[in-house]
Amino acid sequence: MRLCAPLAIIGLIIVTLAAAPASAERLIVSVSNHRVTVTPNYSGGELVLFGSVEKDDKTPSNRTNYDLVVTVSGPRADMVTRRKERRFGIWINTDSRQFLQVPGYLALFSNRPFDQIASPDVQRRQQLGLNNVLLMQRVGPDFADVVPNDPFRSAFVRLRSEHGLYREATSAVTFLTPTLFRTGIPLPAEVPIGTYNVEIKLFSEGALVTKTESAFEIVKIGFEQFVATTARQNGLVYGLVTAFMALMTGWMASIVFRKD
Amino acid sequence: MQLYLPIADIPVNVFLILAMGAAVGFVSGMFGIGGGFLMTPLLIFVGIAPAVAVASVASHIAASSFSGAISYWRRRAIDPLLAAVLLVGGTLGTALGVWTFTLLRSLGQLDLMIALSYVILLTTVGGLMFWEGLRAMLRARGGRPVTLRKPGSHGWIHGLPLKLRFKRSKIYLSVIPVVVVGLVIGFIGAVMGIGGGFILVPLMIYVLRVPTSTVIGTSMVLTLVTMVFATMLHAVTNHLVDAVLALILMIGGVTGAQFGARAGQRIRGEHLRLLLGLLVLAVGIRFAVELVIRPQDLYSIRETGGAPP
């Protein structure tokens, strides 16, 4: 299973490298916060990404109608989608499909619908929209993505979307001026902890002009981080402390509520 | 007040969890059981992953049974030798249960197994308790005395070798059935995230014929030790015990249990058994319905590991 991660990443690199164009524009972007901290009262949040399109002397002067697609992808993990079927009168998990190193959070934002930005072919190559993002799966002996309307793939995307973990908004990017833009990145409370990559792609007349990347991280700090790392790294100590805590609570209760 | 749980990785409402702890604590104090069979489903219902719920409830039950065991110890209602022999089986069963739990989790059938065992166990035990309580009530109404322990009725269990004299319970019994009972309870507890008190008490009364005076106290000791052990094992093998969640549950639970115990003393024994039977049966039926009707969503996603933190 560990082998699949490099495979998926290499696949992604090839896909993105193949499309790198010679550019005349530059994208300058920034995320409002590069480090989101999870504290005891954390309950999700929203980041803002803003930036501008810098033209230089090579830019055709009549080029103004830009399109922008922002892809935010969270830490990757292996996931399994299972389907229940009726067997012996009860509903049990039967079929399953393994998704390899897929992002725990995935959001695609643009300023207008993807099919108005580029042709279906470009959409597929540039992975525009949840239907076109590469979600590597183990299909029999092979590793591949499948057609967007595959029942497991669409159920996977739908379930992630229901929790706000996968999302697609084709009017989320606003151009404040023809070259200045911003978009919000909503983070629901259940977002996984880790590093998030933000990829910004600039299109004009159906073709990729340039792209840039940014990143932010969501980290547990203080007490949350301490508990989480102790639980993982010092299971025995953690268990002992929890058990001791249970005994103390029980003992305290018997003292506080002692009747005789 | 929202609080982010460090292991379950979701924010929860502290007052909701406290209230759940208190409500289950009330029921557990009233009937003298751990209440895990109510707590685990409730936690799953508010969105906590089943595996985290099972692992965290173990420590919650440890807390409530410890406070119970202390007061029973003061009243000399615990048979230390009987508890020790039960524990031999209980420890073995718990280890076996945590191992099975890990195995089932990797097979992807953990949810089904938890649901199935809930259905089978709860409907059977609940039905039997309800029936027994009903009969006892009718007998009491008919004026006949209620006898739980028929003198002179010795089953095959009493013919087994390796007999031991359990002084405080005033019984002379083979250690084999005692160890087996402990094993079963330990196993069930670790797999299902329940203390097993509601199964252990009837087993001790009807199979081992332990007098009622020492039954609840002794069963609490067994629950306490198996749950402490289960907490440890879950923490070491699955890293899924959420200490923050457990602490909130414990505080609610031990408080509720005190009021529950007071309420329980005002209700007659057979009524109490009837009520408990109904409650257990209802939870069992709820799980059965869930298995039989078509689920709202046929698909489910589970993370199988991967991303290093």
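This is a predicted model: local features need pLDDT of at least 70, side-chain atom pairs count only at pLDDT 80 or more; totals for chains, interfaces and linings use all residues.
Local features need pLDDT of at least 70 and side-chain atom pairs count only at pLDDT 80 or more, while totals for chains, interfaces and linings use all residues. Residues are numbered from 1 along each chain as its sequence is written, and chains are lettered from A in the order in which they are written.

Chain A first. It has six helices and 14 strands, where helices (H or I, at least four residues) and strands (E, at least two) are DSSP runs numbered from the N terminus. Of its 260 residues, 33% are buried, meaning that 20 or more other C-beta atoms, placed from the backbone, lie within 10 Å of the residue's own.

Chain B comes to ten helices and five strands. Its radius of gyration, taken over C-alpha atoms, is 19 Å, close to the 19 Å from the globule rule (2.2 Å times the number of residues to the power 0.38) for 309 residues, so chain B is as compact as a globular protein of that length.

Now for the place where the chains touch. Here 52 residues of chain A are in contact with 50 residues of chain B, a contact being two residues whose C-beta atoms, placed from the backbone, lie within 7 Å. On the chain A side, α6(A) gives the most, with 15 residues. By class, that side splits into 28 nonpolar, 15 polar and nine charged residues; Ala, Val, Leu, Ile, Met, Phe, Trp, Tyr, Cys and Pro count as nonpolar, Asp, Glu, Lys and Arg as charged, and the others, Gly among them, as polar. The chains also share strand pairing: β5(A) runs antiparallel to β5(B) (residues 299–303) over five bridges, with pairing called when DSSP finds at least two bridges. Within this pair, Val80(A) sits opposite Arg302(B).

Back inside chain B, helices α3(B) (residues 50–74) and α9(B) (residues 243–265) pack at about 30°, their axes 9 Å apart. Axes are lines fitted to C-alpha atoms over the stretch in contact, and angles run from 0 to 180 degrees between N-to-C directions. Residues making the contact include Ser56(B), Ala63(B) and Gly68(B) from α3(B), and Leu249(B), Gly253(B) and Ala257(B) from α9(B). Overall, this helix contact has seven nonpolar, seven polar and no charged residues.

Notes. A residue is buried if 20 or more other C-beta atoms lie within 10 Å of its own, exposed if 12 or fewer, and partly exposed in between; C-beta atoms are placed from the backbone.
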